[in-house]
Amino acid sequence: MKRSLMAALTLAAVGSFASLASHAQSSDSSLQMPYQKEFWTTGHAGIELGRSRLDIGCPTGATCDQHANAAKLFAGGRFNNVFGGEVSYLQTNNFGFPGGNLKLQAVNFGLLAGVPFGPNRNSSVFAKAGLLWGHSELGDTSQNGWGGSYGLGATVGITRAWAVRLDWDRYRFKLPGGGGDREDVDSFLIGAQYTFGGPPR
């Protein structure tokens, strides 16, 4: 029930962003690609800190810690005034489980769709989806693998270049001993984002 509700909310948000994007894109339909210099003219980078939650059960009678501190580094650029791309690196502290401490790392490749607003156009709301390469360690065992990701975010512009950024992300990690199954890891992060050259006026 919880997962279906979260998925429904995410789909609704993506649909809303898509309709807003089609309206906003009419004002600036120029398309830039990562191999073009202009893609990085309004590129961005930043750092966030927060908490992650691992959505798996704890064995009966055992003590588990399904929450851990997390940090994320990210950088990206814009295809136009609505769509963009981003690469990020996530690392968590230890989750506590009977088999040992579990630690997660991921490199995520994502696409963003959002709408800028505000006097400096350095505030925005956006949805995102991507693909991650994850590494998990539990005690003396480890697991690598690809997985999906999606999330929602917002920036609140302080100046034309600097903004406060908030993100909720859901990552699908392969875990040691999971038999190839993927588990949900949610992260709730806040940090700072710098936009090179400032967003377009």
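**Pockets, cavities and a surface patch**

The lining of the largest pocket comprises eight nonpolar, five polar and two charged residues. Here Ala, Val, Leu, Ile, Met, Phe, Trp, Tyr, Cys and Pro count as nonpolar, Asp, Glu, Lys and Arg as charged, and the others, Gly among them, as polar. The model is predicted: local features need pLDDT of at least 70, side-chain atom pairs count only at pLDDT 80 or more, and totals for chains, interfaces and linings use all residues. Residues are numbered from 1 along each chain as its sequence is written, and side-chain values use heavy atoms, with hydrogens and water left out.

The largest pocket holds about 210 Å³ of space. Of its 15 lining residues, Ile56, Phe97, Leu138, Leu175 and Pro176 lie nearest its centre. On a 1 Å grid over the protein atoms alone, a pocket is an open set of points with protein on both sides within 12 Å along at least five of seven lines; a cavity is a set where a 1.4 Å probe fits but cannot get out; lining residues have an atom within 4 Å of a point. Points are joined across faces, edges and corners, and a volume is the space filled by probe spheres set on them.

Two cavities of 30 Å³ or more are present. Strands are DSSP runs (E, at least two residues; helices are H or I, at least four), numbered from the N terminus. Strand 5 gives the largest share, four residues. By class, the lining has seven nonpolar, 13 polar and four charged residues.

The second largest cavity has a volume of about 110 Å³. Among its 14 lining residues, Glu86, Asn108, Gly110, Lys128 and Asp169 lie nearest the centre. Again, strand 5 supplies the largest share, four residues.

On the surface, Val87, Val107, Phe109, Leu131, Trp133 and Trp146 form a nonpolar patch with about 540 Å² of accessible area together. Patch residues have over 30% relative accessible area and no salt bridge; nonpolar side chains (Val, Leu, Ile, Met, Phe, Trp, Tyr) are joined within 5 Å, like charges within 9 Å. A salt bridge is a side-chain nitrogen of Lys or Arg within 4 Å of a carboxyl oxygen of Asp or Glu. Accessible areas come from the Shrake-Rupley method with a 1.4 Å probe, and for residues only the protein chains shown count as cover.
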